[in-house]
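Good morning, everyone, and thank you for making time for this. Please have a look at the sequence and the structure first, and then I will walk you through a few parts of them.

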Amino acid sequence: MTCSAAKEQQLEQARRHVFLALLIAVAISIHTVESLLPTPLPWLRLGLANSVAVVALYLYGPRAAWSVNLARVGLGALLLGRLFSPGFWLALAGCLVATSLMVGLHRRFPDWLTPIGVSVAGAAGHAFGQLLAARLLLVSHDAIWQVLPALLMFSLGAGIVTGWVALRVLREIRRHPLFRQLSKAEADDQTGEQALQ
Amino acid sequence: MKKLWRDMSRGDCSVILVLFLIALIGLFWQANAPTGARLIVGDGDQVSFTAELHQEQTVDLEGPLGVTRLNISDGAARILASPCPRKICISMGSVQRSGELLACVPNRILVRIEGVAEEGVDYDLLSR
């Protein structure tokens with residue numbers, strides 16, 4: 001029995017779909033549990049679900065990361081009964097800034113940054129995006145930016161933790177034969193690099 | 001921790017350092033802000049109440065949820081009571097520096113400190 005290259009591609013595509021769905025499910029679960037934990041301030045969380053998006057980014061590329069994060073915010077809010085609530089818009093804004101930043105940085109500096117750096121950038125972007133949305137929707141005055149330095153400090157720590165989690169997960173996942181990286185994004189990257197050389 | 005150090009790249013450290021410095025500078029700037037002169041309560045551009053910080057008083061501020069009690073004493077302002085569910089505004093403590101704020105988001109109360117306290121504003125009269 002022969003195994004053609006096309007079949008391998010199809011298999012990899014199917015695998016990608018399935019694993020992406022799994023990743024999204026994991027992200028939503030983490031997000032839900034995290035939202036239910038008591039915190040001194042609302043919306044101040046570790047953002048562990050973002051590390052799933054970082055894993056998706058490194059494994060399957062930018063679109064996967066976007067899928068994971070957008071699904072996490074949307075479905076997570078839906079499940080918690082917070083869809084279209086103020087908190088949802090803050091989370092969405094933070095997520096948009098964070099994911100753009102992470103995707104952009106990963107594309108621009110694929111080797112210079114590890115998942116930790118990408119995650120830290122994401123955390124900072126998330127904080128900034130949330131404050132921006134709060135400024136536009138909730139508080140209507142620039143005084144809200146007062147909380148930025150403290151929030152930024154916190155998000156640095158959170159980003160390092162979640163980034164490290166993503167790093168370890170990636171390391172373990174990549175060992176598994178199912179993730180031998182025949183995915184389209186990686187193939188595109190490789191051909192792109194070869195073209196440049 | 002050592003493992004973490006080995007896993008991080010130079011790029012990571014740069015990004016973290018830059019963000020850390022930005023936050024640090026922001027914190028320093030806030031900590032060194034001059035002591036404020038007055039407070040302004042408002043939502044958006046509408047100002048509903050102002051007061052000088054050196055006047056002791058307790059005032060009730062109306063919001064969609066109810067009454068938020070604001071207290072001014074010792075040149076600082078703090079929220080004493082509020083109908084919001086989480087009472088974050090109360091936990092924000094007392095503010096007195098220019099630029100600081102107290103906010104009760106559910107009740108739409110925003111208290112900000114403005115201006116610069118003049119020398120001798122604590123005294124009604126100073127004689128030599």
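In what order do the elements of chain B run from the N terminus on? They run α-α-β-β-β-β-β-α-β-β, which gives chain B 3 helices and 7 strands, where helices (H or I, at least four residues) and strands (E, at least two) are DSSP runs numbered from the N terminus.

Before I go further, please keep in mind that this is a predicted model, in which local features need pLDDT of at least 70 and side-chain atom pairs count only at pLDDT 80 or more, while totals for chains, interfaces and linings use all residues. Residues are numbered from 1 along each chain as its sequence is written, chains are lettered from A and ligands numbered from 1 in the order in which they are written, and side-chain values use heavy atoms, with hydrogens and water left out.

Staying with chain B, we find it divided into domain 1 (2-31) and domain 2 (38-114), with bounds that come from an automatic or database domain assignment. The centres of these two domains, taken over C-alpha atoms, are separated by 34 Å.

Chain B also has an open sheet of 3 strands in the order 3-4-5, with antiparallel pairing, and two strands pair if DSSP finds at least two bridges between them. At the edges are strand 3 (57-62) and strand 5 (76-81), each of which pairs on one side only. Strand 4 (residues 67-73) is joined to strand 5 by 5 bridges, and B:Arg69 stands opposite B:Ala81 in strand 5.

Let us now turn to chain A. Two packed helices are described by the angle between their axes and the distance between the axes. The axes of helix 3 (residues 62-80) and helix 4 (residues 86-108) of chain A come within 10 Å and cross at roughly 170 degrees, where axes are lines fitted to C-alpha atoms, for helices over the stretch in contact, and angles run from 0 to 180 degrees between N-to-C directions. Helix 3 of chain A is therefore roughly antiparallel to helix 4 of chain A, a description that applies to angles over 145 degrees.

Note on methods. Parallel < 35°, antiparallel > 145°, perpendicular 65-115°, else oblique.
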